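Subject: Structure handover

Hello,

Here is the structure for your files. My notes on it follow below.

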Amino acid sequence: MKEIYFDNNATTKVDEAVFEEMRPYFCELYGNPSSMHFFGGQVQKKVDEARKRVATLLGASPEEIIFTACGTESDNAAIRSALEAFPEKRHIITTRVEHPAVLTLCRNLGKRGYRVTELNVDGEGRLDLDELKSTVDDDTVIVSIMYANNETGVVFPIEEAGAIVKEKGALFHTDAVQAVGKIPLDMATSTIDMLSLSGHKLHAPKGIGALYLRKGVPFRPFMVGGHQEKSRRAGTEATAAIIALGKACELAALHMDDENTRVKVMRDRLEKALMELIPNRRINGGAAERLPNTTSIAFEFVEGEAILLLLSEKGICASSGSACTSGSLEPSHVLRAMGVPFTCAHGSIRFSLSRFNTDAEVDTIIRELPPIIRRLREISPFGREMLAQAAQ
Amino acid sequence: MWDYTDKVKEHFLNPRNVGEIQDADAVGEVGSLACGDALKLFVKLDEQKQRIVDAKFQTFGCGSAIASSSALTEMIKGKTLDEALLVTNQEIADFLGGLPEEKMHCSVMGQEALEVAIAKYRGVAAPSQCHDHAEQEGEIVCKCFGLTDGFLKKVIAANKLHTAEQVTHFTKAGGACGGCIPKIKELIDEVMGEQVKEVRKKPEKLTNLRKMQLIQEVLEKEVRPQLWADGGDLELVDIDGGNVQIAFRKACAGCVSSGYTARFVEQKLRDLVSDDITVEEVEG
């Protein structure tokens, strides 16, 4: 069965051009960039080129880019570094809707004596900047706010938040894993001190990420034991993956317009059609500014895992903020923070598109999903009540 | 992705007995929208009001909740009410070729709905209703899912659960805020304690078969729970006359004190089964 892949916020297909770029660096050009011979030296040049490509996408300089293994490592490295650099400060600010890579770390730090503030969001998933303004203080060491939410696609006003943070002299980190490649970024004019990105969310392979670290911001490495990345991230470079990330960033810049036009049009069409064809549903964060590729729709009286399994039977790959898919028992922390009504909190489905999706695929989902929701509502005691009422 | 058996998938994709019975003799409802799953079960009895002739269900929930409901309705048809009450959640899971442990609460929900339906028909209070705040008995332990100590103790005992994580998988208790996990651990100890008391005093005479059964029982109820408490475990490999061969598992495997633990096991078996028992640790 050919997959209809609408789960690009989970991971993406490696672009063929990216794969071709990295291919020689396994069996042929396998040298260590740190070596003194020509064979390693030529790989060093490609790593330098990759660093430039990543920097260009972010509007940064190459020496501000540190390669890591993943977005989670970048997040951990950024936050832990800030705490070590300013040991006298004990207050951390983040949001209730962060990715677990940030949220779990902050909550663990909370148990170790740090004061942790988790900013709230409104019913549309939007941040309240006044709350940030009133909580950031002289004791605040770092503020970590995601650029765009992975579940709903809601984009936060990062530059405005950064301005508030800088006024109080705290460091400002953003987990931009979902935003890079979809939203134009320019670190040269930004308030961001540190930014995390992940390769596999933008058509590079899994196992590679990067941390942008503004020049002049103090850094205390999380991984030590080697001089690599200017001693900011020890460990032999994952050369093939780094080269792949460089290529993926170059391509992301080329395709940014496509993401914001063609992909967005497909997302909007999918969303509009599902809203028309299916009653008792709502878009999570629909009134907020969102990524062009993401839609999260909550269906009343049905459960997300059941929807996903039936979609999967048709080859359609999506994701849910539902409890049952993850093994946890509550709806996602993001939907709960937004106060999504309990009638549909368990029935949220996320479709996340990429430039590889087609209009025909959108048509398939528009055809297949409404009968699936109807079928599950006919099994559900609450769904049956709803259908009976509607029939009257 | 969950590793569902083909039978779970089949019952989810083609659920049996979805719907309602207009003139049902018994109806049981458990769960809620907020909890994330709910089941409404309809049971129809024959003219003598003896046997179940039809059963239908409506379920809001995940794939395994729908499959468990479908399985339950198939299993109880043709049974008397007393026979139906003997259906355990484990049997529902077994009918489906097993459920992932994290999904065992789906089978528990099926069993519960059946109990509620029959209790209502008979006009008695259900022995252990969770989800239904108005009627439940006992003290609420898990506030997030509204589960009482009576209900949790029953599931712990019936399924021989020995960690708080398992209790969460089977009942959801502790799966949201986690605030009740210490209390769940206390309940496990309490249930274990009661089970230990059930073990009989050392008998005067034993046939070989009875001796083997008793060794197994003591290991199950008396010894292993104590090892679990420290993250360890053992497996019974063989019994040859009075010689009991065991293999250590988990934290006990390779533990420097395993020799001491083996003597502890031996003493227990001598105290509770027979004086001539020796315990030998083997590779298994």
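**Notes on the model**

N280(A) lies in the loop between helix 9 and strand 9 of chain A; helices (H or I, at least four residues) and strands (E, at least two) are DSSP runs, numbered from the N terminus. N280(A) is not a glycine, yet its phi is positive, about 55 degrees. It is partly exposed, with 18 other C-beta atoms within 10 Å. The cut-offs are these: a residue is buried if 20 or more other C-beta atoms lie within 10 Å of its own, exposed if 12 or fewer, and partly exposed in between, with C-beta atoms placed from the backbone.

This is a predicted model, in which local features need pLDDT of at least 70, side-chain atom pairs count only at pLDDT 80 or more, and totals for chains, interfaces and linings use all residues. Residues are numbered from 1 along each chain as its sequence is written, while chains are lettered from A and ligands numbered from 1 in the order in which they are written.

E229(A) is another non-glycine residue with a positive phi, about 50 degrees. It belongs to helix 8 (residues 228-231) of chain A and is buried, with 22 other C-beta atoms within 10 Å. As background, most residues other than glycine have a negative phi.

Strands of chain A form an open sheet of four in the order 9-10-13-12, with antiparallel pairing; two strands pair if DSSP finds at least two bridges between them. Strand 9 (281-283) and strand 12 (319-320) of chain A are at the edges with a single partner strand each, so one side of each has no neighbour in the sheet. Strand 12 of chain A is joined to strand 13 (residues 348-352) of chain A by two bridges, and the two run antiparallel. In that pairing, S320(A) has I349(A) of strand 13 of chain A as its bridge partner.

Helix 9 (residues 239-277) of chain A packs on this sheet and touches strand 9, strand 10 (294-299) and strand 13 of chain A. Contact here requires that the C-beta atoms of two residues, placed from the backbone, lie within 7 Å. The direction of helix 9 makes about 10 degrees with that of strand 10 of chain A. Axes are lines fitted to C-alpha atoms, for helices over the stretch in contact, and angles run from 0 to 180 degrees between N-to-C directions.

**Strand 8 and its partners**

Five of the five residues of strand 8 (residues 209-213) of chain A are buried, so the strand is largely enclosed by the rest of the structure. G209(A), L211(A) and L213(A) point one way, and A210(A) and Y212(A) the other. Strand 2 (residues 65-68) of chain A is joined to strand 8 of chain A by four bridges in an antiparallel arrangement, with T68(A) opposite G209(A). Strand 7 (residues 194-198) of chain A also pairs with strand 8 of chain A in the antiparallel sense, over five bridges; here S196(A) stands opposite L211(A).

**Helices 4 and 5**

The axes of helix 4 (residues 71-85) and helix 5 (residues 100-111) of chain A come within 9 Å and cross at roughly 35 degrees. On the helix 4 side of chain A, G71(A), T72(A), D75(A), N76(A) and I79(A) meet A101(A), V102(A) and L105(A) of helix 5 of chain A.

Helix 5 of chain A has 12 residues and reaches 16 Å from its first C-alpha to its last, close to the 16 Å expected at 1.5 Å a residue (the expected span is 1.5 Å times one less than the number of residues). Its buried residues are A101(A), V102(A), L103(A), L105(A) and C106(A). These pack against helix 4, strand 3 (91-95), strand 4 (115-119), strand 5 (140-144) and strand 6 (171-175) of chain A. After helix 5 of chain A comes G113(A), with a positive phi near 100 degrees.

**Chain B**

Helix 2 (residues 63-76) of chain B has 14 residues and spans 20 Å from first C-alpha to last, close to the 20 Å expected. Of its 14 residues, 12 are buried, so the helix is largely enclosed by the rest of the structure. G78(B) follows helix 2 of chain B and has a positive phi, near 90 degrees.

Between the chains, 21 residues of chain A are in contact with 21 residues of chain B. Helix 10 (304-313), helix 11 (323-326) and helix 14 (381-391) of chain A are the elements that give two or more residues to the chain A side.

Regards
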